[in-house]
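I opened my notebook to look around a structure that was new to me. Here is what I looked up, in the order I went.

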Amino acid sequence: MQLQEIKTIIRESRRLVKISPEMRQDCYTRALEAFFKGDFALGKKLLRMVINGAMGYEVLATNTGIPSKSIHRMLSSKGNPSSTSLFLILNAVRKFEGFGVHVQVTYTPKQQK
């Protein structure tokens with residue numbers, strides 16, 4: 001996926017995320033996928049969209065015990081959340097939204113050169 005395509009999806013998602021629980025679920029799923037694939041910038045953008053469209057930073061701060069300003073900084077484009085903080089945030093959003101998570105790990109053997 002090209003950067004421009006991602007930006008277009010994010011722009012459109014911002015409009016829809018406030019009205020569509022399904023879109024928030026899709027953004028949450030894509031955020032998890034992005035984090036596990038190492039695309040932290042995209043993961044943080046998608047997670048911010050879910051937070052803005054659902055609970056907001058103040059409720060998230062209450063549910064995680066992390067100050068809202070710290071959450072804003074962690075999820076900013078230059079932010080670097082610890083794994084503990086990131087998983088606290090992900091879990092709080094998951095519980096608030098009522099999302100279930102199922103992880104499936106697959107093995108793909110490396111091809112010999």
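**Entry: a salt bridge within a helix.** I began with Asp-26, which forms a salt bridge with Arg-30, their closest N and O atoms being 2.9 Å apart. For this I used the rule that a side-chain nitrogen of Lys or Arg must be within 4 Å of a carboxyl oxygen of Asp or Glu. Both Asp-26 and Arg-30 sit in helix α2, four residues apart, or about one turn of the helix. Asp-26 is partly exposed, because its relative accessible area is 30%. Arg-30 also counts as partly exposed, at 37% relative accessibility. The classes run like this: buried is under 20% relative accessible area, exposed is over 50%, and partly exposed is in between (1.4 Å probe, protein chains only).

**Entry: ground rules.** I noted that this is a predicted model, in which local features need pLDDT of at least 70 and side-chain atom pairs count only at pLDDT 80 or more, while totals for chains, interfaces and linings use all residues. Residues are numbered from 1 along each chain as its sequence is written, and side-chain values use heavy atoms, with hydrogens and water left out.

**Entry: the other bridge.** How many salt bridges does a search of the whole structure find? I found two. Besides the Asp-26 pair, the side chains of Arg-24 and Glu-97 meet at 2.7 Å, N to O. This pair links distant parts of the chain, with Arg-24 in helix α2 (residues 21-37) and Glu-97 in helix α6, 73 residues apart. Arg-24 and Glu-97 are both buried.

**Entry: the whole protein.** I counted six helices and zero strands. These are DSSP runs numbered from the N terminus, helices being H or I of at least four residues and strands E of at least two. Buried residues make up 40% of the 113 residues.

**Entry: Thr-64.** Is Thr-64 buried or exposed? Thr-64 counts as buried because its relative accessibility is 12%. I located Thr-64 in helix α4 (residues 56-64). A polar atom of the Thr-64 side chain lies 2.9 Å from the backbone oxygen of Leu-60. Leaving aside neighbours within four places in sequence, Thr-64 is in contact (heavy atoms within 4.5 Å) with Ile-71, Leu-88, Ile-89 and Ala-92.

**Entry: Val-101.** Last, I looked at Val-101, in the segment after α6 (83-97). Val-101 counts as partly exposed because its relative accessibility is 44%.

How values were computed: A polar contact is a pair of N or O atoms within 3.5 Å; within protein, one must be able to donate a hydrogen and the other to accept it, and residues adjacent in sequence count only if both atoms are side-chain atoms.
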